[in-house]
Amino acid sequence: MNARGLRKYIDDLLRGRRPKQFQPDDFEAAQIRTAIELRAARPGGDAPRQEFLNDLHARLAEQMTGTPPEAVSRLNTTRRQVIVGTSAAAAAAVTAVSVDRLVVGGQAADAPAASGQLTPNDGRWMRVAASSEVADGVMHPFDLGSINGFVRRVNGKPEAVSGVCTHQGCRLWFDATDDRLQCPCHSTSFAPSGQVLTHQLPIAPKPLPKLMVREVDGAIEVFAPTSPIAPA
Amino acid sequence: MTARNEPIGPRPLRAVPNDGYADWEAVYQDNATWVYRTLFARVGNQADAEDLTAEVFLAALRPLRLTASVAEVRAYLRATARTVLAAHWRETLGREITSIEDIEQPPESEEAISTAPQRVAQVLDRLPDNYRRILEVRFLEGNSIKESAAELGISVANAKVLQHRALRLAAQVNDGVQP
């Protein structure tokens, strides 16, 4: 028991002063906890002072850039500021390692701007049609399990696009009369090249990813991810 | 076929890219208030809340990688605040009085910052009227003991005793409603 220590602690809390250290027992700890919650429950009482935020900003600028703050900080050095370099920094460094692991790689700048070409990490060339099946002007559908799409000829060379709508993943069908790929879900439509032709959404969905395609020995092949659905 | 059509090596795996902070100042500006409020809810006074908030940012910003997403930065700041608060209690009272819990809500949400208002309302509800009143006028409204005594129509000495007993009972009730 430490009735005086507790009384002083509560009194300091109520006066908005920094409470003093003492060794509370279980019940005193519970009373402190409750007193803290009562103080913290004051509506709007927990907003940080602008002056404090500015001061801390200046201190951080000094730490991060090595530039001293414009005006000499009027902060007196508290015990806490002195220990900053040790315990918390070490603890934070440990935490940082685990956060770091989530974040591999460099800047965000090289993120693909558009859908671009579908390039699986691990895949192989798979036959989607005989060369003779894909004549000029024909939109030939294929389904490899892991991906599906449409292949056609442009100036004699095969081209392929994904057959999945870039809005919410519904499967597209080829509307030969309009020469476009139609989405059954939200009336989005795409040109055979993959460009969006129509949509009814607030923001245009991305164009269809192009697939890697080649023509070898009288067959048209698409580079597709290997998957349990289509084992090698 | 052309080189364009040959597979290239896989790109490095990374978190959602368009969602990070531009620099440490953006991290500070965006997160200082909720970090402070989270700590204030657990120490109950401005002086400690300010010291601990400063400690969190001074410790956290330097090792922080800005490629992290906003959500990752916030989770990291909350984890740092948890460590800093635990150290504060070890140093001052030798035991953990309050803590920053692991929760599912985002750290900047009201539920994550503080459940004190809801918990206090529950506790006050279960107290006798005069106990509830003294805690309200003293802790929530911030009146002096003299003002509180006048408010309740009792002597200052009685107000002190009433506050003492009310806090003891509230602590017992509060422990009963701990999650």
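1. In chain B, 59% of the contacts with a separation of 6 or more are between residues 24 or more positions apart; two residues are in contact if their C-beta atoms, placed from the backbone, lie within 7 Å. The model is predicted: local features need pLDDT of at least 70, side-chain atom pairs count only at pLDDT 80 or more, and totals for chains, interfaces and linings use all residues. Residues are numbered from 1 along each chain as its sequence is written, while chains are lettered from A and ligands numbered from 1 in the order in which they are written.

2. Chain B contains eight helices and zero strands. Helices (H or I, at least four residues) and strands (E, at least two) are DSSP runs, numbered from the N terminus. Of its 179 residues, 41% count as buried, a residue being buried if 20 or more other C-beta atoms lie within 10 Å of its own, exposed if 12 or fewer, and partly exposed in between, with C-beta atoms placed from the backbone.

3. The largest nonpolar core comprises 64 residues, and B:Leu39, B:Val56, B:Phe57 and B:Leu135 have the most contacts inside it. Helix H1 of chain B (residues 24-43) gives the most to this core, namely 10 residues. Apart from it lies another core of 22 residues, including A:Val134, A:Phe142, A:Ala160 and A:Val222. A nonpolar core is a set of buried Ala, Val, Leu, Ile, Met, Phe, Trp, Tyr and Cys residues joined through C-beta atoms within 7 Å. Not counting residues up to four places away in sequence, B:Val56 touches B:Val35, B:Leu77, B:Thr80, B:Ala81 and B:Val84.

4. Helix H6 of chain B (residues 129-140) has 12 residues and reaches 15 Å from its first C-alpha to its last, close to the 16 Å expected; the expected span is 1.5 Å times one less than the number of residues. Its buried residues are B:Tyr131, B:Ile134, B:Leu135, B:Val137, B:Arg138 and B:Phe139. Their cover includes helices H1 (3-15) and H2 (26-40) of chain A, together with H5 (116-125), H7 (145-152) and H8 (156-176) of chain B. Just after H6(B), B:Gly142 takes a positive phi of about 75 degrees.

5. The axes of H7(B) and H8(B) come within 9 Å and cross at roughly 95 degrees. Axes are lines fitted to C-alpha atoms, for helices over the stretch in contact, and angles run from 0 to 180 degrees between N-to-C directions. The two helices H7(B) and H8(B) are therefore roughly perpendicular to each other (65 to 115 degrees). B:Ile145, B:Lys146, B:Ser148, B:Ala149 and B:Leu152 of H7(B) make the contact with B:Val156, B:Ala159 and B:Lys160 of H8(B).

6. In chain A, three strands form an open antiparallel sheet in the order S2-S12-S11; two strands pair if DSSP finds at least two bridges between them. S2 (123-130) and S11 (213-216) of chain A stand at the edges, each with a single partner strand, so one side of each is left without a neighbour in the sheet. Neighbouring strands of this sheet are turned by 35 degrees against each other on average, direction ignored. Seven bridges join S2(A) to S12(A) (residues 219-225), and A:Ala130 stands opposite A:Ala219.

7. Strands S3 (residues 140-143) and S4 (residues 148-154) of chain A run antiparallel and are joined by four bridges. A:His140 has A:Val151 as its bridge partner in S4(A). S3(A) and S4(A) form a hairpin with four residues between them, and A:Gly145 in the turn has a positive phi of about 90 degrees.

Definitions and conventions: Parallel < 35°, antiparallel > 145°, perpendicular 65-115°, else oblique.
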